[in-house]
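Here's a quick briefing to read with the model open beside you. Have a look first, then come back for the notes.

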Amino acid sequence: MYLFFVDGQEIGEQEARITGSDVNHIRNVLRMKPGDKLRISDGESRCYNCQIQAFEEAAVILSLLSRDEDGTELPARIVLFQGLPKGDKMEFVIQKTVELGAFRIVPVATRRSVVRLDEKKAEAKLRRWSAISESAAKQSKRTVVPEVGPILSFKQAVDMAAGFDVKLFPYEHAEGMEETRQILSQAASGMEIAVFIGPEGGFEEEEVEYAKTKGFLPITLGRRILRTETAGMALLSALMFQLEK
């Protein structure tokens with residue numbers, strides 16, 4: 001069943017309205033008709049099963065059939081702090097980690113990040129990344145559209161995550177898979193979990209030491225060196241299996 005995100009103010013007790021670009025998509029691309037069913041979410045916590053009642057010129061009128069109480073969100077909030085990668089890899093990272101359940105994605109400019117964006121380019125990138133997040137959320141039937149950005153420095157990102165319940169820091173020089181398993185087992189429902197992934201060149205030693213002073217736990221992702229666009233997906237996959245019952 002197709003899912004669309006709707007402003008919470010457009011959702012009433014028995015009816016809801018879809019407006020904007022989704023109207024054309026529903027009418028002319030999907031060719032849906034009155035009586036067809038779909039799902040809507042307010043992008044925060046409410047998700048409904050609906051039936052198309054009628055089409056207006058700039059809106060689709062829906063009847064609310066039932067509230068979806070099961071939901072598709074992970075029981076913990078995972079924030080991915082992703083070191084800025086080269087090229088369009090960030091788009092791939094956002095798409096796949098949204099599918100895996102990331103609650104928010106924060107781009108991080110580390111010392112070894114090759115990419116340097118001025119304010120104008122950063123704004124354009126954030127718009128593009130946000131659109132990719134929304135598209136991935138629709139495809140994977142998320143009830144939340146994960147926020148992307150703004151771009152932070154490494155210190156800003158670490159300080160922001162310092163109060164999280166679990167702070168994970170994959171590092172190529174970390175040792176001990178058994179210790180990593182024990183750390184991952186601490187993840188539980190209701191927690192805020194920070195996942196830091198370095199860019200292509202990894203983290204500098206000074207960055208690692210600063211993160212440790214804020215309670216971050218260096219972990220290993222195995223004996224193989226993973227690409228930056230692979231590491232986040234590997235860790236989120238492990239957390240997904242740990243959190244979902």
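A contact here means heavy atoms within 4.5 Å. What you're looking at is a predicted model, where local features need pLDDT of at least 70 and side-chain atom pairs count only at pLDDT 80 or more, while totals for chains, interfaces and linings use all residues. Residues are numbered from 1 along each chain as its sequence is written, and side-chain values use heavy atoms, with hydrogens and water left out.

**Overall picture**

- The protein has 7 helices and 12 strands; these are DSSP runs numbered from the N terminus, with helices being H or I of at least four residues and strands being E of at least two.
- Along the principal axes, the C-alpha atoms fill a box of roughly 60 × 40 × 30 Å.
- Of the 245 residues, 44% are buried (buried is under 20% relative accessible area, exposed is over 50% and partly exposed is in between, using a 1.4 Å probe and protein chains only).
- Take the contacts between residues at least 6 apart in sequence, and 75% of them join residues at least 24 apart.

**Nonpolar cores**

- A nonpolar core is a set of buried Ala, Val, Leu, Ile, Met, Phe, Trp, Tyr and Cys residues joined through side-chain atoms within 4.5 Å.
- The largest one holds 37 residues, and those touching the most other members are Ile78, Ile94, Ile105, Leu168, Ile193, Val195 and Leu239.
- Elements giving two or more residues to this core include β1 (3-5), β6 (77-83), α3 (119-139), β10 (166-170) and β11 (192-197), but α7 gives the most, with 6 residues.
- Ile78 touches Ala102, Phe103, Arg104, Ile193, Val195, Leu236, Leu239 and Leu243, if you skip residues up to four places away in sequence.

**The α2/α7 pair**

- Two packed helices are described by the angle between their axes and the distance between the axes.
- For α2 (residues 89-100) and α7 (residues 228-243), the axes come within 9 Å and cross at roughly 5°; axes are lines fitted to C-alpha atoms, for helices over the stretch in contact, and angles run from 0 to 180 degrees between N-to-C directions.
- α2 and α7 are therefore roughly parallel to each other, a label for angles under 35 degrees.
- On the α2 side the contact uses Lys89, Phe92, Val93, Lys96, Thr97 and Leu100, and on the α7 side Glu229, Met233, Leu236, Ser237 and Met240.
- Those residues split into 6 nonpolar, 2 polar and 3 charged, where Ala, Val, Leu, Ile, Met, Phe, Trp, Tyr, Cys and Pro count as nonpolar, Asp, Glu, Lys and Arg as charged, and the others, Gly among them, as polar.

**Cysteines**

- The disulfide count is 0, with a disulfide being a pair of cysteine sulfur atoms within 2.5 Å.
- For the sulfur of Cys47, the closest cysteine sulfur is in Cys50, 8.2 Å away and too far for a bond.
- Cys47 is buried, at a relative accessible area of 1%, and Cys50 is buried too, at 1%.

- Glu207 sits in helix α6 (residues 205-213) and counts as buried, at 4% relative accessibility.
- Leaving aside neighbours within four places in sequence, Glu207 is in contact with Thr110, Arg111, Phe154 and Phe169.
- Gln9 is in the loop between β1 and β2 (15-19) and is exposed, with a relative accessible area of 76%.
- Gln9 and Gly163 are 154 residues apart in sequence and 33 Å apart in space, C-alpha to C-alpha.

Notes. Parallel < 35°, antiparallel > 145°, perpendicular 65-115°, else oblique.
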